Each structure stands twice: as C-alpha cells, then as structure tokens.
Amino acid sequence: MRYAPGKLFRQLANHWLLIAAGIFSLSMVVMTANLYSSQVELRGNADARLIATSDARSAAIGDFIRERRQDVIRLAGSDVIADYFGNRDLGMSVKYGLFASLALIEHSFKEVLEKERFQDQRIYARLTFFDRDGVPQVRVGASAAQENLGGDSAEPNISIDAAHRLMLIRAPVIYKGEVRGAVEAVIDLDLLAPLMASNELWRPREFLLDNTGVVLFPTKRKPSFNKAMDVELASLPPGRILPLPEAAFPELKGHFAFRAPVKGAELSIVRLASEEELYGRGLSPITAFCMGLFSVLLFALALGFDRMRKSAARRHEEKIQGLAFYDQLTGLPNRSLLIERIQDALAANARQKSFGALMFIDLDNFKTLNDTLGHDMGDLLLTKVAARLTGCVDRHDTVSRLGGDEFVVLLGDLGTRDAKVAALRAETVGERILGAFAVDYNLKGYDYPCTLSIGVALLEPESLSVDDLLKRADLAMYDAKAGGRNGLRFFDPFMQTMISAKAALEADLREDMKRDRILLHYQPQVDHLGRLVGAEALVRWAHAQRGMVPPAEFIPVAESAGLILPLGAMVLEIACRQLARWAANPATEHLTVAVNVSAIQMRHKNFAEQVCRILETTGANPHLLKLELTESTLIKNIGDVIAKMEKLKSIGISFSLDDFGTGFSSLSYLKRLPLDQIKIDMSFVQDVLIDANDAAIAQTIIALGNILDLSVVAEGVETEEQYDFLAQHGQLSYQGYLFGRPLPAPDFERLAAAFSPRRNSSTTMPSLDIAKAG
Amino acid sequence: MFWKRLLGRRHGVALAAVLASTAVSAADLAEIKANGELRHIGIRYANFVTGTGDGFDVEMMQGFARSLGVSYKLVYSDFYTVIRDLLGKDVQRKNGDVTLTGAFPVKGDVIATGFTMLPWRESILLFSEPTFPSQVLLMAPAESDLQPIKDGSDVSEDIKATKQLIGSRSLLVMERTCLDPANYGLTGVGVDLKKYTKSANLNEMIPALLNGEAQLALLDVPDAILDLRKWAGRIKVLGPISEQQTLATAFPKDAPELRDAFNAYLREIKASGDYDRLVDKYYPGIRLYFPQFFAAKTN
C-alpha cells in the first residue's frame with residue numbers, strides 16, 4: 001500500500017505521542033541495555049579483579065610454598081644425603097668416614113640457608129636432616145618449632161605451627177627405594193607478609209587463614225572479629241564471590257567474600273569487600289534492568305494512552321453522531337434520523353408499491369407529571385416508555401423520539417400493497433402498544449399510570465412529503481387525545497380543522513391568563529339557619545371575542561396545554577386576595593371562600609408551600625379558606641395527599657370533599673382523610689324529590705357526615721322542596737340557586753351586605769352560568 | 001756417613017741445611033719486596049692448588065702478596081721437586097737422614113700447597129703457623145671385603161686397628177708426600193707397598209685404586225673429603241693411619257722475616273674471617289672432621 005507523502009505525514013502526526021514515546025522508550029531501552037551490559041561487564045570485571053587478586057595472592061603464596069617444598073624435596077634427594085647413606089651402608093664410621101658426608105650435608109644445608117632468600121630475608125629458619133629413627137644428624141639454623149619427629153611418610157607434607165607462626169615442610173629421604181630419613185625446613189610465616197596486600201589493621205580486608213580458621217595474616221586484627229567468624233570465613237565455599245551472612249557478620253552487612261585456597265597447603269586467602277568497594281557507586285544491573293523495564297512500561301503507558309486517546313476520539317465521534325442522530329435521553333433515533341428513515345421507507349415503498357405507517361405517539365398528561373413530580377421523574381418515564389415502545393415493534397421498525405413526550409414509530413414496510421390490510425396491521429401494532437401501556441410504571445416507588453394517544457398516518461406508495469406525513473400522524477394523535485386519550489386514531493382530513501381551533505383556543509387562554517381575563521365568581525353558601533356563611537369561588541374566562549367561555553370547554557384545553565397548574569394557582573391567589581379584602585368589610589369578614597383544587601394541583605410536590613406563600617402574600621386568613629377536593633384527587637398516592645392536607649390544616653385551612661357520591665366514595669378514605677366537610681353532589685340534590693335512590697344517597701351522606709362529624713353541604717339546591725327535604729334529614733349547609741347564583745365579587749359583596757337569612761328567592765341575585773373549575 | 005757419625009743424626013741434617021744455604025741465595029722479605037714479586041710454589045693437590053689458577057693456598061698467597069704490596073706469581077711444582085724449587089737443592093732422605101744436594105734454580109719464595117709439617121721437612125724448612133689440619137686415612141674400594149673400623153675413643157688404637165686391616169694386602173702409596181709409607185711405619189712391615197709414580201699428584205690416588213693398581217690406598221683427609229664426594233659409593237674409609245697432621249706454609253730457613261710476615265698475615269685473615277671463608281670455600285665439611293683445630297683457629 002502506497003501512501004502519499006502528505007497522508008503519511010498526517011498518519012504520523014496523528015500518532016506523534018506514540019512515536020515520541022516509542023523513540024524515547026527505545027532510546028531508553030538501548031541506553032539502559034548498554035548500561036545494563038556495562039554494569040554487568042563492570043561487575044564481571046570487578047568480580048574478576050577480586051578473584052584475580054585473590055587468586056594471585058593465593059598463587060603467589062602457593063608458588064612460594066611450592067618452591068620451598070621443591071627445595072626441601074631437592075635437599076632430601078640431594079647427592080650428599082645419598083652419599084651419606086651410601087657410605088653408611090658401606091660401614092664407614094662416623095668419625096673417619098661419615099663425617100665427610102655429614103659435613104657435606106651441613107655445608108649444602110648452610111648454603112641453602114644462606115642462599116635462599118626472599119625479599120632479602122633468609123627463607124629458612126632451620127633445616128634438619130633426620131635419620132630413619134628421627135635422630136637429627138644435621139641441623140643448621142635455629143627455630144622455636146618443635147622438630148617434627150613424626151613418621152617416615154613417603155610423601156612430603158606441610159604443616160602450620162600457628163602458635164609460633166611457623167611453617168614446617170618435611171620431605172622424606174628415599175634411598176634405594178626405602179625411606180631412610182627426612183629433611184625438615186622451618187619457615188617463619190612472617191616471611192609471607194610481603195605477599196599479602198597489607199599487614200595493616202583491617203584494611204584491605206585480606207586474610208590468610210589455615211583450614212581451622214586460624215588467621216595468620218593480618219597479625220593485628222579488629223577486636224570485633226572472633227574465632228567463630230574466622231571459622232566461618234575458612235569454611236566459605238572456594239572460588240565463589242558470596243555475600244557474607246548477616247547473622248554471622250553483623251558488622252559486615254552488605255559485604256562480599258571470596259576464598260581462594262592456597263594450592264599445596266591447608267591455607268586460604270580470604271578477601272572481603274563491601275558492595276561499594278567492589279562495584280563502586282554505579283548503578284546495579286538490577287537498577288539498570290528496572291530502568292529498562294520502566295522505559296518499556298512508559299512505552300506501554302504511552303501506547304495505552306494513545307489508544308485511550310483514539311478511543312476517546314472515537315467515542316467523541318460517536319457522541320457527535322449520537323447527538324446528531326439520536327436522542328440523548330432515550331437513545332432512540334431523533335428527528336433527523338427519523339426523517340432519513342422515513343425518506344428511505346418512502347423510496348422503498350415507491351419501488352415496491354407497498355405500504356408503511358407512521359405512528360405519532362404522545363403521552364397523556366405528561367406535562368402534568370413533569371409539573372407535579374419533577375422533570376427527573378418525567379425523564380425516567382420517557383426512558384421507560386422508549387424501552388417499552390421498542391419492545392412492541394419489530395427489529396427493522398424505527399422508534400424515535402421527536403422531543404418532549406412525543407414519539408414516532410415508523411413501520412417502514414407493512415408487507416402489503418393493500419391500504420386496508422396495511423391499516424389493520426398498523427392498528428394491530430398500535431393496539432399492542434396501547435396494551436403494553438396498560439401496566440403502570442414504577443417511578444422510584446411511585447406507581448404511575450401512563451397512557452398514550454396514537455395517531456397513525458399510512459405511508460402510501462405515492463406518498464406525500466415527510467413533513468406532511470408527520471403532520472398527518474400528529475393530527476391523528478390530537479384526534480385520539482380529543483377522543484378521550486389512551487386511544488388510537490387514523491388520520492382523517494376533518495381533524496385538521498378541529499385541531500386548528502383547539503390550538504387557537506389554547507393560545508388565547510395562555511394570553512388571557514397573562515391579561516387577567518380569568519375571573520372568579522362567588523356562589524353563596526348558607527347554613528342550616530339560612531345565614532350566609534361563605535362562598536365557593538368558581539372560575540370564569542372572559543374571552544375577548546367569544547365572551548364567557550364555559551369551564552367545561554377551556555379547562556381541558558388548559559390541561560392539555562399544561563396550563564392547569566398556573567391556572568389553579570391563579571384562581572387560589574385571586575380567591576385569597578378577595579378573602580383578604582373581605583376581611584376588612586364587616587359584612588363579609590366572616591365569610592369563608594371555598595376554592596376547587598384539581599388532582600394535578602394536589603399532586604404537585606410543592607402545593608402546600610405554594611398555598612402558604614399565597615396566603616402570606618395576600619394576607620388572607622387561612623381559617624376562612626376552604627379547599628375543595630374531588631374524589632379523583634384521592635385515587636392515587638393517598639398518603640401524599642393526606643400529608644399535604646394535614647400540613648395545610650395545621651395552619652387553619654379546612655377541606656371539603658366535593659361531588660361526594662359520584663365517584664367511588666370510599667368510606668375508608670373518609671375515615672383517613674382529615675376532612676371538615678362533604679358536599680352532596682348536585683346530581684343527587686336535583687332529583688332528591690323524584691328519585692328515591694338519590695334521596696336515599698342524600699340521606700346517607702347526611703347521616704355519614706353526622707357520624708363522622710363532618711359538616712355536609714348540599715350543592716345545587718334550587719327549590720324550596722329540595723331544601724325542605726334535605727333540612728328534614730339534618731343540619732346542612734346549602735349552596736344553589738335557591739340561595740344565590742355565582743356572582744362577580746362586587747355583586748357578591750352587595751349581596752352579602754343585604755343578605756337576609758330568610759330563604760327568599762327575591763333576595764337572590766340572578767345567577768350566571770354554573771360551572772366549577774377543575 | 002762421616003757427618004752422621006760426627007754430629008749425630010740431628011746434626012747431620014743441620015749440616016746439610018747449612019751447606020744448602022751456602023750453596024744458593026735465599027729470598028727474604030726485603031728481597032721479595034725489592035723484587036716486587038712473590039713467587040708461590042704450588043703442587044696440584046686437592047683443593048689447595050687446583051691447577052686451574054685457584055685453590056685454598058693460591059688465594060691465601062695471593063692475599064699475602066697483596067699484603068706485602070708485591071705481585072703474585074704461581075709456580076707449579078710437584079712433590080718430588082717442590083723443595084728443590086724453593087731451596088735450589090735436591091733433598092735426599094736415606095735412613096732418616098736428610099741431605100740437600102746439587103744446585104738448581106730457585107723457582108719460588110714459598111711453598112703453600114697443603115704441605116704437611118713433617119719432622120724431616122722441618123729440618124730443612126721454616127714452617128709458618130699451621131694453616132690446615134690433616135690426617136692420613138686408609139681407603140678401600142667399596143666392594144672390598146674389609147670393613148671399616150668402629151670408632152674408638154683413642155686415635156692410636158684406631159690407627160692400630162686400621163693398620164691391622166692391611167695385612168698382606170697391596171697398599172698404594174706415594175713417596176716424598178704426606179702419603180709416604182715411611183712416615184707411618186709401613187715400610188718393612190710386610191706390607192705390599194705399591195708406589196704410585198705415574199704422577200706426583202695426590203688426586204690420582206683414588207682413580208689408581210679403583211683402577212686395581214692396589215687393594216688399598218693411603219689418602220689424606222682433604223683429598224678424602226673431595227674423593228668421597230667424587231667417588232661416592234665406590235670407595236670407603238677404613239680408618240686412620242696417622243695422627244692428626246698439620247699443614248703449613250714452608251719458607252727457606254733464611255727467610256724468617258718472610259715467614260713472620262706470613263704468620264702476621266695469617267693471624268690477620270683468621271681474625272677477619274677471610275680464612276674461614278677460604279676453608280669453607282675449598283673444604284666444606286672439614287670443620288666437622290677437625291672441630292678442635294678450627295675452633296681454636298677461628299677463635
């Protein structure tokens with residue numbers, strides 16, 4: 001493969017760190033290898049020097065001894081001694097014949113004594129010629145050594161008289177094949193001093209020892225050395241440089257020893273040297289080896305680092321790729337990739353004349369989840385949804401996230417050229433998805449029911465643009481939402497109009513909330529004596545073009561647009577401000593205001609704090625504020641609701657259960673909830689006179705209130721008959737047209753000022769629309 | 001014979017000496033100094049005069065010449081003519097009488113050659129103080145059936161025992177030397193004397209013995225020391241034939257100053273140790289044989 005120079009340069013540049021590290025490490029390895037080999041060589045040389053020096057000493061002493069041995073052997077074999085024995089065998093007398101032989105022997109001994117010198121000193125202190133009986137026949141020189149009377153050995157021998165520092169060399173005299181005597185030479189060991197490095201104290205740590213560990217040199221010893229150490233030195237294996245055992249030589253830690261036996265004598269030269277003396281202060285080969293190893297490790301690190309760098313670059317690229325084409329939260333393809341795949345699918349469909357489908361999926365009430373449980377939980381739900389969606393489709397289908405809670409599933413090829421069959425197959429997938437979402441999610445211990453609204457647009461062989469397809473599926477999804485959520489809708493062209501209208505209303509609501517066009521009307525509440533005791537605040541939207549928009553119309557819009565929480569807060573704040581204002585008016589100062597709280601509000605984690613803050617900012621008396629909950633509020637997470645209720649009750653706020661009897665009306669809830677009041681739903685009140693069941697329910701609720709010590713409010717009381725019926729069954733409070741319609745605050749104030757406990761329709765004001773927020 | 005009867009034996013010798021002294025002129029110290037030369041008469045004998053220009057006596061006389069401040073000259077002679085060469089007259093010995101006869105050229109001033117002091121020699125010569133000890137031994141080839149005597153405490157007994165060994169065996173002798181049998185009472189006692197005449201060199205006695213010219217031989221200790229080494233294992237010493245003898249340097253009777261000068265020189269080299277060195281050089285081991293002599297001399 002041939003690289004252009006520029007490309008090659010770029011390749012090299014990409015790996016500059018590795019190359020630099022490689023060059024550095026290589027040079028280090030070469031250097032350390034050289035260093036290592038140099039050190040090994042140096043150490044080898046040092047060892048060789050030590051060995052050579054010791055061997056040289058040993059050889060010098062050995063040579064000296066060998067020469068002396070030869071001298072003695074020569075003397076023992078000399079003619080004069082042979083003549084002596086010859087003459088003796090001839091029977092010559094000592095006086096007249098052997099004298100001459102003995103004289104010659106003496107003369108030759110004297111000659112040797114005088115002539116044989118070492119460093120200008122006589123070598124032999126004494127020479128003796130013994131006959132076979134060990135009787136000295138000739139003796140020249142003098143010595144303190146005892147003459148070796150022993151034996152008639154046929155071999156020369158050398159012995160050491162350590163006490164007198166003498167060496168005795170003895171050679172047999174063999175005449176006519178028979179040992180006839182011996183010649184013995186005595187040598188002063190001090191004669192060897194010049195052959196030793198030095199006789200100084202301790203340095204340079206060279207010893208001459210006999211085999212029993214008697215140190216002959218140096219003569220002046222370090223007192224710390226004892227006999228055991230000497231014996232240890234004498235027993236060291238010869239010819240090897242060995243570290244001294246620390247236990248035996250504590251003062252010579254780190255020292256090496258070499259023992260060179262002296263050939264021909266039971267003597268040894270032992271030299272000691274510290275590591276520094278032996279090898280100097282240079283690096284040890286092990287250190288050099290470690291340095292080399294370090295370089296290799298360095299290179300390995302550089303290699304690893306380079307790979308990490310490349311991996312990081314690859315991951316970075318992948319991340320960029322991921323950011324470009326994948327959703328970071330869920331890991332699903334994002335809009336860009338989805339569009340690509342839709343285009344691919346469209347092209348394939350066009351070729352094969354087949355159908356595909358695009359499913360636009362939106363989570364129901366996702367914004368509410370985000371608002372109430374926080375975005376963390378929202379994100380968690382999205383990831384779980386992504387996983388569940390992916391599990392519902394085939395491998396070659398695409399599940400993507402467009403953003404927020406919007407997902408799109410692309411069924412690229414439904415395997416049919418028939419639109420109806422394609423629709424059925426897409427519906428099957430849709431139903432599968434909806435079925436999968438029937439199971440609640442567990443969000444960190446919080447059971448959350450998540451439903452979907454799915455809009456489906458078919459990918460036809462002669463299809464539209466990608467944008468149009470997405471728009472169609474989106475519209476179908478909105479249709480599904482409008483159809484009550486948790487459902488699936490195929491795209492219908494009529495949807496477009498409806499969706500557009502809803503979108504416009506949402507935009508208007510958002511705008512009017514900013515312009516204070518959200519109003520509250522107050523419907524009077526009276527006690528069993530007909531006294532005005534409070535009002536229920538009911539939300540109203542004064543639309544600029546459409547006039548008053550009924551709550552039943554704009555509350556769902558607010559919910560779908562995620563405006564329900566700000567709307568609820570706004571209502572509460574207006575009510576509290578009104579309450580504070582009424583506190584200054586004797587006619588209204590005692591009145592309570594009941595505000596409806598939606599389930600979404602109640603689930604908001606900071607709801608209690610929000611209420612407190614509003615009370616604080618408005619200055620309203622919490623004892624006059626009543627929050628009305630619906631049964632739906634209590635369905636989930638009852639514990640959380642109770643906690644919030646008790647927190648608010650602790651500051652004086654009271655709670656009323658609205659629409660009681662219309663839902664599941666769990667008596668256990670009534671028992672557990674810190675309620676102050678229950679409200680009989682107007683549906684029961686309205687038919688209380690004509691429907692025995694409603695009457696019975698109303699009676700039961702009244703009785704229940706009495707039993708649980710809860711006040712009971714009957715809603716929707718419009719006629720005297722209804723009032724009479726209810727009044728017969730207990731001391732209730734009442735709310736309804738019979739006592740007053742919902743009124744703007746100024747009108748209500750006038751009503752309150754003129755309110756008479758008498759139940760008189762003339763005292764009531766004309767009511768407006770009846771509706772309740774949330 | 002007339003002179004012998006008239007003056008007796010001793011006087012006879014003295015007369016002969018007088019006659020001799022009148023016949024030739026002697027060289028005393030002054031003349032030698034005047035001549036500037038000391039002529040040393042030596043016989044090739046043992047290591048006294050080796051014949052190769054050195055020897056115990058050669059070195060000693062060279063030292064003496066140096067001490068006199070004169071040059072040195074070695075004049076070789078033999079045992080037959082050595083006295084004639086010193087005195088210029090021939091020596092005649094007959095029945096114990098010594099006569100000097102004839103006129104011959106005087107070749108030297110002093111005899112120093114391991115020269116034994118014998119009575120007859122003393123009658124015609126002046127001897128210095130002893131320069132060396134000696135003794136005459138009886139030698140036999142190693143294979144001889146004769147066994148050496150056992151050491152005794154008395155030398156005369158040893159000599160007697162030794163002489164008894166000779167019996168009728170042939171004995172190699174050299175007349176007019178220290179090995180002259182007449183000196184030791186061996187003549188006329190039935191000993192088969194074999195006179196060695198091929199040479200006047202004592203060094204040739206042992207080779208002649210080994211050559212079978214006789215069964216036994218006389219040999220002086222200095223030669224014996226050398227020959228026992230030279231012919232080790234082939235000869236053996238049977239015992240002594242003589243008492244200890246003394247060797248000395250001989251001068252003419254009319255050279256007393258020269259003799260005195262020599263004696264002074266001898267004492268000097270004994271004191272300085274030069275004498276001992278010469279002894280050890282040329283006769284190693286001789287001290288062991290004559291311990292008293294050398295102890296006395298060196299002390």
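Between which helix and which strand of chain A does A:Asp516 lie? This residue sits in the loop between helix H13 (495-514) and strand E20 (518-526) of chain A, where helices (H or I, at least four residues) and strands (E, at least two) are DSSP runs numbered from the N terminus. The model is predicted, and local features need pLDDT of at least 70, side-chain atom pairs count only at pLDDT 80 or more, and totals for chains, interfaces and linings use all residues. Residues are numbered from 1 along each chain as its sequence is written, while chains are lettered from A and ligands numbered from 1 in the order in which they are written.

Although A:Asp516 is not a glycine, its phi is positive, at about 55 degrees. A:Asp516 counts as exposed because it has 10 C-beta neighbours inside 10 Å; with C-beta atoms placed from the backbone, exposed means 12 or fewer other C-beta atoms within 10 Å of a residue's own, buried 20 or more, and partly exposed in between. A:Asn365, also not a glycine, has a positive phi of about 60 degrees and is found in the loop between strand E13 (356-363) and helix H9 (366-373) of chain A. A:Asn365 is buried, since 21 other C-beta atoms lie within 10 Å.

Where the chains touch (C-beta atoms, placed from the backbone, within 7 Å), 20 residues come from chain A and 22 residues from chain B. On the side of chain A, helix H3 (79-89) and helix H4 (94-115) are the elements giving two or more residues, and H4(A) provides the largest share, 12 residues.

Chain B itself has 12 helices and 12 strands, and 47% of its 299 residues count as buried.

Key. Contact = placed C-beta atoms within 7 Å.
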